[in-house]
Amino acid sequence: MNRLTTPFGSYELTRFPEDPRDRLRAWDAADEYLLRHLDSGTGERGPVDLAAAAGRITVLGDRWGTLTTALAAHRPTQITDSALTRAATAANLDRAGIGTSKSTVTLLTTQDPPPERIDVLLVRVPKSLALLEDQLYRLAPHVHAGTVVVGTGMVKEIHTSTLRLFEKILGPTKTSLAEKKARLIFCTPGTPGATRPTSAGPWPLTYTVDEDAGSASGLSVVNHAGIFCADRLDVGTRFFLQNLPTNTDGARVVDLGCGNGVVGTAVQVHDPDAEVVFTDESYQAVASARETYRANVREGRRTAEFHVGDGVAMLSPGSVDLVLSNPPFHSHQATTDATALRMFAQSRKVLRPGGELWIVANRHMGYHTHLRRLFGNSEVVASEPKFVVLRAVKQDRPRPM
Ligand SMILES: C[S@@+](CC[C@H](N)C(=O)[O-])C[C@H]1O[C@@H](n2cnc3c(N)ncnc32)[C@H](O)[C@@H]1O
């Protein structure tokens, strides 16, 4: 059912975390279009000789590892911002009997130094134009005039602004005809410095939080490209900051889905004895949180932990006093509450009895019913027309299921 047949082989592919009830596939028409094109050997820019480029192929933005797995025989390097993508890729490769090592596939994050030399650059266009801009600027010095650059995406994901970025950073760009609502992008890189900029791009962006944001007012917030609300404080986050618990008293506090880390940093600044743990599935987000923390907390007082991964899955059961979250309502392109609900269940596990989960959310998400079902209680801490802050307490005894 989850088997994809490509010109390079047939693979069983899943997303991460694997959920048998999840009907969403790990690939789409954009992945298939690119793989067909690569196999045809006669792209609009002439043949793509994967065998000759073996070991110097970079795949940027692969969603669940489909491209990386199908091209594994050519030893590609995957670059992703998502720990979920990385985990899905490792599982898909493993299922295909392929390991991850220098002799097979290399898995890098958006924060790692890029590969030295790129002969083929394959780009699955990300949702965030900022992330695409940042990554193209990072990769540009490693691309040469002979590099074959092919992008792919669903028609609705590729805009004039997307093409302009390829054009501005790498070189002349055009698109293919659409097939099954997917399109390819062909870009001809110039020589660095001659036809394209050598600048490092505008990221990261730093802003100072204005007044009216509780204990975050005046904090300096660092934002790497592609993270949630990178150029200003989100309205929901502001409402959360205005209503955070103030009696943390040296507690172990998790900023779950930390983004730029403004929430956890505000807690630490207010309570220097708190042990703050930042987690996010985005490498760009955790790098931002780390820098936000460093910008606001004096060196001798820095005790925080930073983790990239799925929610709080990396923390031990019963090890946390308080979880704070402005949970996501997207997973890659899809709008869903699945991630938030998984985070609530994970939070309950890592909280000690009596520990609390506080969230801010759009009122219409109706999270209070989910919290009540999971925790047996849910209280509205604050509300305004659009947002609510909810609190759920882990009770001493396990809830009968
Ligand atoms: C609505 S944003 C909130 C960001 C930040 N706390 C703020 O208020 O500005 C949700 C965050 O959850 C992160 N996220 C999404 N899925 C996740 C997962 N499975 N595990 C951990 N974090 C995740 C996103 O990367 C994003 O940074």
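Is His142 buried or exposed? His142 is buried, at a relative accessible area of 18%; buried here means under 20% relative accessible area, exposed over 50%, and partly exposed in between, using a 1.4 Å probe and protein chains only.

Some ground rules before going on. This is a predicted model, where local features need pLDDT of at least 70 and side-chain atom pairs count only at pLDDT 80 or more, while totals for chains, interfaces and linings use all residues. Residues are numbered from 1 along each chain as its sequence is written, and side-chain values use heavy atoms, with hydrogens and water left out.

His142 sits in the loop between α5 (129–139) and β7 (143–154). Helices (H or I, at least four residues) and strands (E, at least two) are DSSP runs, numbered from the N terminus. The His142 side chain reaches the backbone oxygen of Pro115 at 2.9 Å. That is a polar contact, meaning a pair of N or O atoms within 3.5 Å; within protein, one must be able to donate a hydrogen and the other to accept it, and residues adjacent in sequence count only if both atoms are side-chain atoms. Setting aside residues up to four places away in sequence, His142 touches Pro114, Pro115, Glu116, Arg117 and Ile118, where contact means heavy atoms within 4.5 Å.

Ile158 is another loop residue, placed between β7 and α6 (160–169). With a relative accessible area of 12%, Ile158 is buried. Beyond its neighbours within four places in sequence, Ile158 is in contact with Val125, Thr152, Gly153, Leu163, Arg183 and Ile185. Take Arg183: Ile158 and Arg183 are 25 residues apart in sequence, yet their C-alpha atoms are 7.9 Å apart in space.

## Around the ligand

How many residues surround the ligand? There are 17, and the closest are Thr237, Gly257, Asp280, Asp310 and Gly311; a residue is near a molecule or strand if one of its heavy atoms lies within 4 Å of it. Helix α10 gives the most to this shell, with three residues.

| Side chain | Ligand atom | Distance |
|---|---|---|
| Asp280 | oxygen | 2.6 Å |
| Asp310 | nitrogen | 2.8 Å |
| Asn326 | oxygen | 3.3 Å |

On its own the ligand has 590 Å² of accessible area, and the protein covers 92% of that. Accessible areas come from the Shrake-Rupley method with a 1.4 Å probe; for residues, only the protein chains shown count as cover.

## Helix α11 and its buried face

Helix α11 covers residues 367–375, and Tyr367, His370, Leu371 and Phe375 are buried in it. Looking down the axis of α11, these buried residues fall within an arc of 105°, so they line one face of the helix. The arc is that of the directions from the helix axis to the C-beta atoms. An α-helix has 3.6 residues a turn, so residues three or four places apart point the same way. What do the buried residues of α11 pack against? They pack against α10 (338–350), β18 (351–362) and β20 (387–393). Just after α11 comes Gly376, with a positive phi of about 85°.

Most residues other than glycine have a negative phi, and most peptide bonds are trans. A few spots here go the other way. The peptide bond from Phe16 to Pro17 is cis, with omega near -5°, and Pro17 is found in the loop between β2 (9–12) and α1 (29–40). Trp203 and Pro204 are also joined by a cis peptide bond, omega about -5°; Pro204 lies in the loop between β9 (182–187) and β10 (205–208).

As for phi, Lys180 has a positive value near 45° without being a glycine. Lys180 belongs to the loop between β8 (173–175) and β9, and is exposed at 64% relative accessible area. Asp212, not a glycine either, has a positive phi of about 75°. Asp212 falls in the loop between β10 and β11 (220–223) and counts as exposed, at 55% relative accessibility.

## Cysteines

A search of the whole structure finds zero disulfides, a disulfide being a pair of cysteine sulfur atoms within 2.5 Å. For Cys229, the nearest cysteine sulfur, that of Cys258, is 15 Å away. Cys229 is buried, with a relative accessible area of 16%, and Cys187 is buried too, at 0%.
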